[in-house]
Amino acid sequence: MKNLSYRDCVECIDVIFKRATEDAGLPVCVAIADAHGDLIAFGRMDGAPMRSIAISRDKAFTCIYMDRDTHEFRAMMDKFDFKLDWFGNARLTALPGGVRIKDEKGCVGAIGLSGRLAEHDLELAELGVEFLKKRL
């Protein structure tokens, strides 16, 4: 399994910020975690809300901890009427915008993005995943 490099993660954040600036939407925070859920790189656009700092980190962490993207985790929770606190970890979130980064052998990390509507967070996170997959 390959590892994400700090340099590639910082470049990924720059790509996401560039897209977020081009569409003139709300500013975002981006967190990129390794395969253990530990933070590799983080970026906060000027004006991004403070709450988005923790939310973006927790979205990336949730992907690793639950071994699924956060929108998939949310669908599972809705399907089975699960509650977040049942999982015993206060960092878990079912907010869309957390996406795993996978190579041919499995999950190498995750991107968590926060600051916009759920579908826009997810879209920007997926842009970052596509960027990083080309670097693996």
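1. Residues are numbered from 1 along each chain as its sequence is written, and side-chain values use heavy atoms, with hydrogens and water left out. As the model is predicted, local features need pLDDT of at least 70 and side-chain atom pairs count only at pLDDT 80 or more, while totals for chains, interfaces and linings use all residues.

2. Strands E1 (residues 29-34) and E2 (residues 39-44) run antiparallel and are joined by five bridges; strands are DSSP runs of E of at least two residues, helices runs of H or I of at least four, numbered from the N terminus, and two strands pair if DSSP finds at least two bridges between them. Cys 29 stands opposite Arg 44, and four residues lie between the strands of this hairpin, where Gly 37 in the turn has a positive phi of about 90 degrees.

3. Helices H2 (residues 51-66) and H3 (residues 70-80) have axes that come within 9 Å and cross at roughly 65 degrees, the axes being lines fitted to C-alpha atoms over the stretch in contact, with angles from 0 to 180 degrees between N-to-C directions. Lys 59, Thr 62, Cys 63 and Met 66 of H2 meet Thr 70, Phe 73 and Met 76 of H3, where contact means heavy atoms within 4.5 Å.

4. Helix H4 (residues 118-133) has 16 residues, which at 1.5 Å a residue should span 22 Å, and its end C-alpha atoms, 22 Å apart, agree with this; the expected span is 1.5 Å times one less than the number of residues. Among its buried residues are Asp 121, Leu 124 and Phe 131, buried meaning under 20% relative accessible area with a 1.4 Å probe and protein chains only. The cover over the buried residues of H4 includes H1 (6-22), E1, H2, H3, E3 (98-103) and E4 (106-114).

Conventions
Buried < 20%, exposed > 50% of the residue type's maximum accessible area, 1.4 Å probe, protein only.
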